[in-house]
Amino acid sequence: MNASDFIGGNAEVWVSGKTYASGKIVLSPADRMQPYVRITAAGSGATDPSADSTNYAAFGGRSIKSIQRGTIALGNFDTSKSATITAVNTGKSVLQHLGSTTNNDTNQSDFVAIELTSSTAITASRVASLSSSASVNWQLTEWF
């Protein structure tokens, strides 16, 4: 009665202090009723499964919480530039590089990398630049 509890629609809402068996699937009240499975021996605790990665793991597919898209333009001689985004949980987000352009196709220093540098910033960078501009398109998906 573990995975089949969830598949059959019988997963219960997690309750602080209640003992759950290994493999038991519960719904997290702190994480919009997302399912989590107990991955350690039976036990109880006061920490919601969404914040207890020692004893619980996310179960099943996650719903998309938000999608943000944009372009970061690097001007002549810029080696990095950041874009401000709506705050995300970095541990539940995936940043995708959607391609970049430059006005100097022969300059390898214009190849642009991107990184989620904080919960509210994406940074585009390149090794160096002569006198060329570049831009990079990105998409950030955050999951529940």
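**View 1. The largest nonpolar core of this predicted model****.** Thirteen residues, 13 in number, form this core. Ile72, Ile122, Ala124 and Trp138 have the most contacts inside it. Strand 5, strand 9 (121–125) and strand 10 (134–143) each supply at least two of the core residues. Strand 10 gives the most, with four residues.

**View 2. Surroundings of tryptophan 138****.** Neighbours within four places in sequence are left aside here. Tryptophan 138 then contacts Gln68, Arg69, Gly70, Thr71 and Ile72, among others.

**View 3. Another nonpolar core, of five residues****.** This core lies apart from the core of 13 residues. Among its members are Trp14, Tyr20, Tyr36 and Tyr56.

**View 4. Positive phi at methionine 33****.** Most residues other than glycine have a negative phi. Methionine 33 is not a glycine, yet its phi is positive, about 60 degrees. Methionine 33 sits in the loop between strand 2 (25–28) and strand 3 (34–38). Its relative accessible area is 39%, so methionine 33 counts as partly exposed.

**View 5. Positive phi at phenylalanine 77****.** Phenylalanine 77, also not a glycine, has a positive phi of about 70 degrees. The loop between strand 5 (64–74) and strand 6 (80–84) holds phenylalanine 77. Phenylalanine 77 is exposed, because its relative accessible area of 57% is over the 50% cut-off.

Methods:
Residues are numbered from 1 along each chain as its sequence is written. This is a predicted model: local features need pLDDT of at least 70, side-chain atom pairs count only at pLDDT 80 or more; totals for chains, interfaces and linings use all residues. Side-chain values use heavy atoms; hydrogens and water are left out. Buried means under 20% relative accessible area, exposed over 50%, partly exposed in between (1.4 Å probe, protein chains only). A nonpolar core is a set of buried Ala, Val, Leu, Ile, Met, Phe, Trp, Tyr and Cys residues joined through side-chain atoms within 4.5 Å. Contact means heavy atoms within 4.5 Å.
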